[in-house]
Amino acid sequence: MKGVRNNFIVKCVLLIVVIAVGVIGLYYTVINNKSDEAMEEDYPKTTYEILASKDFEKLYPATPYEVLKLYNKYLKYIYNSESSDEEIEKLVDCIRSMWSKEWLDLNERTAHIANMKKEIEEFRSDNRVMSNYTVSDSATIRRFTTKDSGEGCALMSSYLYTQKKKTSKAYMMFYFLKEDGKWKILYYELTDESGNKISQ
């Protein structure tokens, strides 16, 4: 009788332990799933989401070289990807975050977006693809001082285009101003390989 009672108690204890382990396991599974879902929601997954979610106030590139590399990343995506009007507008706003106040004043946002959409359309109708871009080494930066003793510099970037299996290369010189401790694009111009301006 005593053995039967002890056996019953042991079975009850084991049953309670199994139920407790099951409840704890279920709890951790639910918590982990919610955590994974939250992480999936918080982090951008596509190239567009990564570019569009860039916070230029908190994480602005530190050097002209880094600014130009990031700028080119946006250009390559914009020209090579099928994007909606809304997506293009968002990416153009990101590009404008890297422009100087002076350049922004000369290029009104609505006109800039309209021009960009027109360029993209022409680019695609010509079956062109921006295959690659290269930013000149930081050591090649040309430094200058503005009239009001502002800090400026120039840096060149090259672009490789493919069109019907033919490739071509273009060179652009970018001029930067330091505004509020950040390097901003003042303007840019088409150049030859040596950095000499090409008349358009």
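These legends accompany a set of close-up views of a predicted model.

View 1. Along the sequence the order is α-α-α-α-α-α-β-β-β-β-β. The protein has 200 residues, and 31% of them count as buried. Its accessible surface is about 13600 Å², with 54% belonging to carbon and sulfur atoms. Take the contacts between residues at least 6 apart in sequence: 54% of them join residues at least 24 apart.

View 2. I24, Y27, Y28 and I31 make a nonpolar surface patch of about 430 Å². I31 belongs to helix α1, residues 2–42. I31 is partly exposed, at a relative accessible area of 37%. That value passes the cut-off of over 30% that patch residues must meet.

**View 3. The largest nonpolar core.** In soluble globular proteins, nonpolar side chains tend to be buried together. The largest nonpolar core here has 39 residues, and Y71, Y74, M116 and F176 touch the most other members. Helices α2 (47–52), α3 (64–80), α4 (85–96) and α6 (109–125) are among the elements that give two or more residues to this core. So are strands β1 (128–135), β3 (151–163), β4 (166–179) and β5 (182–191). The largest share, nine residues, comes from α3.

View 4. The 17 residues of α3 should span 24 Å at 1.5 Å a residue. The end C-alpha atoms of α3 are 24 Å apart, which agrees. The buried residues of α3 are P64, V67, L68, L70, Y71, N72, Y74, L75, Y77, I78 and Y79. An α-helix has 3.6 residues a turn, so residues three or four places apart point the same way. Beyond its neighbours within four places in sequence, Y71 is in contact with I95, M98, W99, F174, I185 and Y188.

**View 5. S100 in the loop between α4 and α5.** S100 sits in the loop between α4 and α5 (101–106). S100 is buried, with a relative accessible area of 0%. Leaving out residues up to four places away in sequence, S100 touches E179, K184, I185 and L186.

View 6. Side chains of opposite charge can pair when their charged atoms come close. The structure holds five salt bridges. In one of them, R124 pairs with E82, with the closest N and O atoms 4.0 Å apart. R124 lies in helix α6 and E82 in the loop between α3 and α4, so this pair ties together parts that are 42 residues apart in sequence. R124 is partly exposed, at 26% relative accessible area. E82 counts as exposed, at 69%. R109 forms a salt bridge with D93, and here the closest N and O atoms are 2.7 Å apart. D93 lies in helix α4 and R109 in helix α6, so the bridge ties together parts that are 16 residues apart in sequence. Both residues are partly exposed: D93 at 29% relative accessibility, R109 at a relative accessible area of 34%.

**View 7. A salt-bridge network.** Salt bridges link D85, E89 and K117 in a network.

**View 8. D180 in the loop between β4 and β5.** K101 forms a salt bridge with D180, with the closest N and O atoms 3.4 Å apart. K101 lies in helix α5 and D180 in the loop between β4 and β5, so the pair ties together parts that are 79 residues apart in sequence. K101 and D180 are both exposed. For D180 the relative accessible area is 69%. D180 is not a glycine, yet its phi is positive, at about 50°.

**View 9. N127 in the loop between α6 and β1.** Most residues other than glycine have a negative phi. N127, a residue other than glycine, has a positive phi near 55°. N127 is found in the loop between α6 and β1. N127 is partly exposed, with a relative accessible area of 47%.

Conventions: Residues are numbered from 1 along each chain as its sequence is written. This is a predicted model: local features need pLDDT of at least 70, side-chain atom pairs count only at pLDDT 80 or more; totals for chains, interfaces and linings use all residues. Side-chain values use heavy atoms; hydrogens and water are left out. Patches are made of residues with over 30% relative accessible area and no salt bridge: like charges are joined within 9 Å, nonpolar side chains (Val, Leu, Ile, Met, Phe, Trp, Tyr) within 5 Å. Accessible areas come from the Shrake-Rupley method with a 1.4 Å probe; for residues, only the protein chains shown count as cover. A salt bridge is a side-chain nitrogen of Lys or Arg within 4 Å of a carboxyl oxygen of Asp or Glu. Helices (H or I, at least four residues) and strands (E, at least two) are DSSP runs, numbered from the N terminus. Buried means under 20% relative accessible area, exposed over 50%, partly exposed in between (1.4 Å probe, protein chains only). A nonpolar core is a set of buried Ala, Val, Leu, Ile, Met, Phe, Trp, Tyr and Cys residues joined through side-chain atoms within 4.5 Å. Contact means heavy atoms within 4.5 Å. The expected span of a helix is 1.5 Å times one less than its number of residues.
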